[in-house]
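Dear colleague,

Please find below the structure that I am handing over to you. I would be grateful if you would look through it alongside the notes that come after it.

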Amino acid sequence: MPFVIAAPCVADYSCVEVCPVNCISPGPQDPDFQNAEQMYINPQQCIGCGVCVEVCPVAAIYGADSLPAKWRHYAQVNRSYFMQRTRADDVP
Amino acid sequence: MTSLRVAVVGSGPAGMYAIQHLLEQSLFDVDIDLFERLPTPWGLVRAGVAPDHPEKKLIADRLFRFFLKRDNVRFFGNVEIGSDISHDELTASYDAVVYAVGASDDKPLAIPGERLPGSCSAREFVAWYNGHPDYRHLQFDLSGPRAVIVGTGNVALDVARMLTLPATALARTDIAEHALEALQASHVNEVIVLGRRGCQQAAFHNPELEELLHLDGVEVQIEADDLLPPEQTDADWDTRRKLATLIRLQARRVAAPVKRIVFKFHRSPIAVSGDTHVTGVQVQTRVGSGSPRSGLPRYGSPGSGSPGTIDCGLLLRAIGYRGRALPGLPFDLQTGVISNVAGRVMDGSVPRTGVYVTGWIRRGPRGVIGSNKQCAAETVGCLLADARAGKLSRRSDDPVAQALIANQRQVVSFGGWQRIDRTERLAGSARGRPRIKQTDIGELLTSAGR
């Protein structure tokens, strides 16, 4: 089960630095980083190890099935971030 | 291994991330002194982040706190650089000084009447409701039914929420007591948010906008001529998300609304009305859809629509913070930052040896908390490169402590801050709140010394 970054994210990118499969974007070297609202986890690459959950300084990362109700749509937001260049109607 | 003595000025995210990068390198033994003007650390994490965003404040407990617990880091709270210790004293005592002082001014609207009582910056309002000691005495006129906010960034939305959240919701946060009382007695029931450009250019972020969907008893109206279904635009993904949320907000029906937030896009304030106090703001409609495909100018230009006046008793400008010059350091008036290249402070084209900047005072007031991490990585990278090149030196060891004793300054150590922290949390737990902030310097110093 993939993990999901929800609304509290402050783009600290500790998660990007520890992810063993490099599935969190954007990283500080990416051109998108400057204007990024937050980081996102690619659900197709996430192996569910949960290392990112430990290092997140604002506890913004949840298992996809344990998101608080007000942030439940962030599973789709994370997925959608990685599809944005391939679909026009991808907005959650 | 050589030792490096570094002073960091300012304990907000910019300063804390600078410390993190200094602690994570292994080229030098490093001793860090952190100077903070207030008795309390964390900068805008304490005094800027909205009270109803407790998750974001976790960063102090889950990250920043650990840096200050290190043996080679000392916290000097209640010490102001420039008055208690001069910039020259600091540079003489340290191999390197990193200024991370943030942006303590704001951009003016530059319209007539802006200085009338009742017209303030959102920055001041935020500092007031968050209990910043310098702003606790401010008074905001909440006796009228309408407040106007100029600007559409996250600060504008924070302020709009604070003005409309039910009193019971506010009372569960760490909002300052004086602000809680004032907002509980507030008569404001309509908040107008003015955007100079269209909704597709609004600066707020998606999470902040989405929160408006969850405000109890608050209906949201959107007046925008560029509010299009996301699939009909070629705007970027973040903007398409915002459009989807704005449409959802517009369609949302609130049973028995008690307050209202109205977004008016493509509107510019041109003058503040009132003789002795704000009575309204004159607003002009700007032409031009924000849609890049419309063929019209991307940004509205003034002078088209007829001006109208929006009556209000409170006008808050939320159009951006601005850095303040520090005595003895080169300042770029145009951008409101200390002149620098990649964090090295520059006198013209010459680097000021051993003096660095990071965070908002380096790059201007933009980005989120984590943007300061990348910023600090670069600044500290320059500092370490200069140290490796043998450019850094200090003339004396630790006269700072003597200077503080000579000034009879009551310094707040990290232990002192922990005592303040404990006092505030205890007071809060008795009332079902995360903490009750102490906002008076004398009271804070008493708690620190207890």
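The notes below describe what was found, beginning with the overall arrangement and ending with individual residues.

Please bear in mind that this is a predicted model.

Domains of chain B

The domain assignment divides chain B into domain 1, made of residues 3-104 and 323-411, and domain 2, which covers residues 106-321. The C-alpha centres of these two domains of chain B are 33 Å apart. Contact between them involves 10 residues of domain 1 and 16 residues of domain 2 of chain B. On the domain 1 side of that contact, 7 residues are nonpolar, 1 is polar and 2 are charged.

Contact between the chains

Chain B places 23 residues in contact with 19 residues of chain A. On the chain B side, α3 (54-68), α9 (206-211), α10 (237-251) and α12 (371-388) each contribute at least two residues. The largest share comes from α3(B), with 6 residues. By class, the side of chain B that touches chain A has 9 nonpolar, 6 polar and 8 charged residues.

The parallel sheet and the helix across it

In chain B, 6 strands make up an open sheet with parallel pairing, in the order β6-β14-β7-β8-β10-β9. The edges are β6 (119-121) and β9 (218-223) of chain B; each has a single partner strand, so one side of each has no neighbour in the sheet. From one strand to the next, the twist averages 20°. Helix α5 (residues 122-129) of chain B lies across β6, β7 (146-150) and β14 (314-317) of chain B, at about 75° to β6(B).

Helices

Towards the end of the numbering considered here, helix α14 (residues 414-429) and helix α15 (residues 441-449) of chain B pack at an angle of about 110°, and their axes are 7 Å apart. Angles from 65 to 115 degrees count as roughly perpendicular, and α14(B) and α15(B) are therefore roughly perpendicular to each other. From α14(B), the contact draws on B:Gly416, B:Trp417, B:Arg419, B:Ile420 and B:Thr423, while α15(B) supplies B:Leu444, B:Ser447, B:Ala448 and B:Gly449. The contact residues comprise 4 nonpolar, 4 polar and 1 charged.

Backbone details in loops

In chain A, a cis peptide bond links A:Ser25 to A:Pro26, with omega about -10°. A:Pro26 is in the loop between β2 (24-25) and β3 (40-41) of chain A.

Two residues of chain B other than glycine have a positive phi: B:Trp42, near 90°, and B:His266, near 55°. B:Trp42 belongs to the loop between β2 (29-36) and α2 (44-47) of chain B, whereas B:His266 is in the loop between β10 and β11 (267-273) of chain B.

With kind regards

Methods:
Residues are numbered from 1 along each chain as its sequence is written. Chains are lettered from A and ligands numbered from 1 in the order in which they are written. This is a predicted model: local features need pLDDT of at least 70, side-chain atom pairs count only at pLDDT 80 or more; totals for chains, interfaces and linings use all residues. Domain bounds come from an automatic or database domain assignment. Two residues are in contact if their C-beta atoms, placed from the backbone, lie within 7 Å. Ala, Val, Leu, Ile, Met, Phe, Trp, Tyr, Cys and Pro count as nonpolar, Asp, Glu, Lys and Arg as charged, and the others, Gly among them, as polar. Helices (H or I, at least four residues) and strands (E, at least two) are DSSP runs, numbered from the N terminus. Axes are lines fitted to C-alpha atoms, for helices over the stretch in contact, and angles run from 0 to 180 degrees between N-to-C directions. Angles under 35 degrees count as roughly parallel, over 145 as roughly antiparallel, 65 to 115 as roughly perpendicular and the rest as oblique. Two strands pair if DSSP finds at least two bridges between them.
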